[in-house]
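Thank you all for coming; I would like to take a few minutes to walk through one model with you. Please have the sequence and the structure open while I talk.

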Amino acid sequence: MYEAKAWKETEGPCLRNFSEKEAIDSVNGALALRPQIEKIVDQIWEEGFDGIYFMGIGGTYASGMQAEVYMRGKSRLPVYVENAAEFLTTGNKRFTDRSVMIYSSVSGNTKEMVELVDHVHSLGARVIAFIDTPGSALTQPGKSEHLIVYPVNEQLKFFMVANYLMYKNGEFPDYERYNQQMETHLAKALAQVEISSDAWAYQYAKEQVAFKESHPDLPHYFIGSGTQYGATYSYAMCYWEEQMWVRTKSISCPEFFHGMQEIIEWDTPVTLFMGEDEQRPLAERVARFLPKVCANYTIIDTKEFALEGISPEFRGSLSHLVMHGVNNRVDAYMELFLRHPLTIRRYYRQFDY
């Protein structure tokens, strides 16, 4: 007779659902796309454009938000971010037949994105697509002028486009040195982030699940700014809500002080994401405030992680990837303690709505 063997809590952190080799190979594979990305950007640069639009829905919209805020303070290029569903209903008069849409899709068949691509083409604009799934609807002929099929690493692919656009515009003089460091060190550095954060993530997940069980109606608050705001927005919505069925709220650091701070009490569960880009001071302000009113807060600071081989001036462009590595470890143990596979959905794509 088959005997089910339950995981024993005494086993502790075990790098659950993690393969260092697979993690390194995945990032290196994405970095190897650079010649393809540069060729695409060279072509649209030669053709000319009046705007670059990162578009998406859900998590892919969050990645677009990260790319846009990353470029906003560094580049004079006309770069925007649009929510796919809003663009389909409201439109944008600045978007013309000389505009370029950039998007990513994991499944390659998300309803809003399929409709969006057709609509953008009806306006005469060009499309750059990053699709994870070969043979999906959005990889079919005519769906994009420029298509790259490669799994995961969505933010990394978007930032590679952003970096080369800024280089072409004379705004990234360290582009070659930057990429030499990325292609030599980034994959191993990000894998090390997961390894070094594993024990902490185990304890954090254990405590959060225990708190949820005793306070089932109290949401967990995630706070971030800069590229980390896209991370908090996506992590709260796409991971804790959609995948784990845990109530959350995400808020940007500057907006935190105009409403949300008033509902923080001593036991309110709060997690602050602190990155290393220009908006770090906004997160530092929240970090100074929380201990004054709350005893149930957590600060995840990417500055605490060594990124061997990466120059300090480049860390701000990578801190969202560092946070993603930490959250990967949290997800593995949240799934364990919740006893809830993250692939299960109640409603999403289960029926028409």
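How many of the residues of E6 are buried? Five of its five residues are buried, so E6 is mostly covered, where buried means under 20% relative accessible area, exposed means over 50%, and partly exposed lies in between, with a 1.4 Å probe and protein chains only.

Before I go on, please keep in mind that this is a predicted model, in which local features need pLDDT of at least 70 and side-chain atom pairs count only at pLDDT 80 or more, while totals for chains, interfaces and linings use all residues. Residues are numbered from 1 along each chain as its sequence is written, and side-chain values use heavy atoms, with hydrogens and water left out.

Both faces of E6 are covered, with His220, Phe222 and Gly224 buried on one side and Tyr221 and Ile223 buried on the other. Helices (H or I, at least four residues) and strands (E, at least two) are DSSP runs, numbered from the N terminus.

Strand E6, residues 220-224, belongs with E7 in a parallel pairing over five bridges; two strands pair if DSSP finds at least two bridges between them. Within that pairing, histidine 220 has threonine 248 of E7 as its bridge partner, and isoleucine 223 has isoleucine 251 of E7.

Stepping back to the sheet, we have an open arrangement of four strands in the order E7-E6-E8-E9, with parallel pairing. Its edge strands are E7 (248-252) and E9 (297-301), each of which pairs on one side only. From one strand to the next the twist averages 20°, with axes being lines fitted to C-alpha atoms, for helices over the stretch in contact, and angles running from 0 to 180 degrees between N-to-C directions. Helix H8 (residues 227-241) packs on this sheet and touches E6, E7 and strand E8 (270-274), and its direction makes about 170° with that of E7; contact here means heavy atoms within 4.5 Å.

Let me finish with two individual residues. Arginine 329, which is found in helix H11, counts as buried because its relative accessible area is 2%. Leaving aside residues up to four places away in sequence, arginine 329 touches Leu15, Arg16, Asn17, Phe18, Glu194, Ser197, Asp198 and Ala201. Tyrosine 353, by contrast, lies in the segment after helix H11 (319-338), and tyrosine 353 counts as exposed because its relative accessibility is 60%.
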